[in-house]
Amino acid sequence: MPQSLLASPRLSASHISAATTHVFHRQLQHDLPVAVSGQGITLTDASGKTYLDASGGAAVSCLGHGHPDVLAAMHAQIDRLAYAHTSFFTTEVAEELADVLIESAPTGMSHVYFVSGGSEAMEAALKMTRQYFCEIGQPQRRHFIARRQSYHGNTLGVLAVGGNAWRREQFKPLLMDVAHVAPCYEYRDRAPDETPEAYGQRLVAELAQTIERLGADTVMAFVAETVGGATAGVLTPVPGYFKGIRDLCDRHGILLILDEVMCGMGRTGKLHACEQEGVVPDLLAIAKGLGGGYQPIGAVLAHGRLVEAFRYGSGLFQHGHTYLGHAVACAAALAVQRVIRRDDLLAQVRARGRTLQGLLQHHFGEHPHVGDIRGRGLFWGLELVADRSSRQWFDPALKLHARIKREAMALGLMVYPMSGTVDGRCGDHILLAPPFIASEDELALVVERLAMAVNRAIPA
Ligand SMILES: Cc1ncc(COP(=O)(O)O)c(C=O)c1O
């Protein structure tokens with residue numbers, strides 16, 4: 001532990017006290033353990049206690065912690081050049097990273113706009129969309145359509161597009177008007193006599209009606225997470241859903257913006273989750289797994305058609321941040337992406353994903369309070385219910401998600417439980433997003449500890 005912390009009266013044992021810290025933490029009433037080191041899938045706190053990181057923080061740490069190749073690449077870049085403002089220079093490392101990302105991007109994507117995280121990526125995608133329509137002489141297009149129960153980040157633009165009622169509530173007076181349609185939430189919304197395909201087409205029809213209501217030539221884009229992440233607990237799309245959406249958007253000249261900040265960059269077993277849906281978006285937002293948490297970095301991959309409109313129109317994107325394309329962030333992301341390719345980690349995600357699915361089925365398949373186990377690759381959600389047959393959720397006042405997180409942390413396990421699964425207020429789920437490098441034994445230990453944590457947290 002650093003001497004400054006040891007000497008500090010604010011630190012009692014391994015925890016920082018909420019009463020005395022000067023950091024404006026997310027939660028102002030809770031003490032927090034102090035993380036001091038990380039290696040592989042394990043984090044260690046100041047008391048020496050270890051935690052298995054089964055959620056990669058928030059689906060970030062795809063290579064785990066302390067990966068030597070990534071650290072070496074960052075050190076080398078810092079020694080050469082840490083930062084050069086992008087209005088004066090480009091850097092070799094940003095150019096190289098963009099080349100790597102475009103080589104492996106869905107067909108037609110031609111350029112990468114670098115930012116520092118997921119919200120910035122989505123915010124940039126929204127503004128790119130609006131400017132694109134101005135560039136091509138359709139300034140009357142002004143509406144975004146998104147989905148309920150989605151999460152696209154916390155800045156005001158993307159919060160407006162996001163569909164999580166609780167997160168939006170107090171900021172509503174500040175948010176632009178966005179139309180929201182139903183998410184693809186098979187467990188709760190597919191009728192018993194409906195096939196998954198028919199359910200998907202029902203959702204596409206709902207979007208078609210919304211487009212018609214707003215006026216097709218006023219709609220700019222439909223925005224969705226390819227696999228829904230944090231707010232509804234890993235919602236995988238039904239077959240044909242995104243193809244139907246893509247066709248509908250094309251018919252009306254509407255863009256498709258896919259948010260793969262959480263589900264992308266290999267998490268579902270393909271580099272981009274949209275590959276599994278057989279669609280190519282116009283704009284694709286990535287972040288978390290791009291840099292694996294070694295540096296803050298996100299990006300928007302843009303279709304060539306859009307980029308051409310900017311190039312032959314005004315010639316500039318009227319946007320920008322100070323840290324766009326930060327050299328050390330690009331070096332970290334480049335190293336992460338090279339390791340994924342060199343070590344064939346996408347195949348490993350698929351194989352370990354099958355192991356994890358089997359373990360979850362074994363421990364929770366018949367669990368009276370686990371209603372649904374869903375996911376892909378190393379991205380899994382467990383939806384918790386008070387009663388399996390009625391699918392009734394637990395009383396939100398119980399704060400089951402917080403109890404599970406507490407119990408899991410006590411057992412040395414990091415998972416990502418969340419409430420509001422059903423409608424932003426009711427329901428609880430647990431999200432798992434372990435590093436791609438997790439071994440089978442580590443995954444077995446994760447699920448064992450999780451089963452213990454869930455059983456301890458659920459009231460008798
Ligand atoms: C799908 C999705 N989009 C956007 C974001 C926002 O990313 P950030 O927290 O890096 O701003 C998140 C974060 O969880 C996310 O899951």
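Helices, taken as DSSP runs of H or I of at least four residues, and strands, taken as runs of E of at least two, are numbered here from the N terminus. On this basis the predicted model of the protein chain comprises 16 helices and 18 strands. The radius of gyration of the chain is 22 Å, close to the 23 Å that the globule rule gives for 460 residues, so the chain is as compact as a globular protein of that length. Along the principal axes, the C-alpha atoms occupy a box of roughly 60 × 60 × 45 Å. Of the 460 residues, 55% are classed as buried, and among the contacts with a sequence separation of 6 or more, 70% are made by residues 24 or more positions apart.

The packing of two helices was examined in detail. Helix α9, spanning residues 196-214, packs with helix α10, spanning residues 241-252, at an angle of about 25 degrees, and the axes of the two helices lie 8 Å apart. Because angles under 35 degrees count as roughly parallel, α9 is described as roughly parallel to α10. The crossing in which α9 passes α10 is right-handed. On the α9 side the contact is formed by Gly200, Gln201, Leu203, Val204, Leu207, Ala208 and Ile211, which meet Tyr241, Gly244, Ile245, Leu248 and His252 of α10. The residues of this contact divide into eight nonpolar and four polar, with no charged residue.

The C-alpha atoms of isoleucine 245 and leucine 207 are 8.0 Å apart in space, although the two residues are separated by 38 residues in sequence.

A further set of buried residues is found in helix α12, which covers residues 304-311, and consists of Gly304, Leu306, Val307, Ala309 and Phe310. These buried residues pack against both helical and strand elements, namely helix α5 (118-135) together with the strands β7 (109-115), β11 (255-259), β12 (283-286) and β13 (298-303).

Conventions:
Residues numbered from 1 in each chain as written. Predicted model: local features only at pLDDT ≥ 70, side-chain atom pairs only at ≥ 80, totals over all residues. Heavy atoms only, no water. Axes fitted to C-alpha atoms, helices over the stretch in contact; angles between N-to-C directions. Parallel < 35°, antiparallel > 145°, perpendicular 65-115°, else oblique. Left-handed = near helix turned anticlockwise from the far one by under 90°. Contact = heavy atoms within 4.5 Å. Nonpolar A, V, L, I, M, F, W, Y, C, P; charged D, E, K, R; others polar. Rg over C-alpha atoms; globule rule 2.2 N^0.38 Å. Buried < 20%, exposed > 50% of the residue type's maximum accessible area, 1.4 Å probe, protein only.
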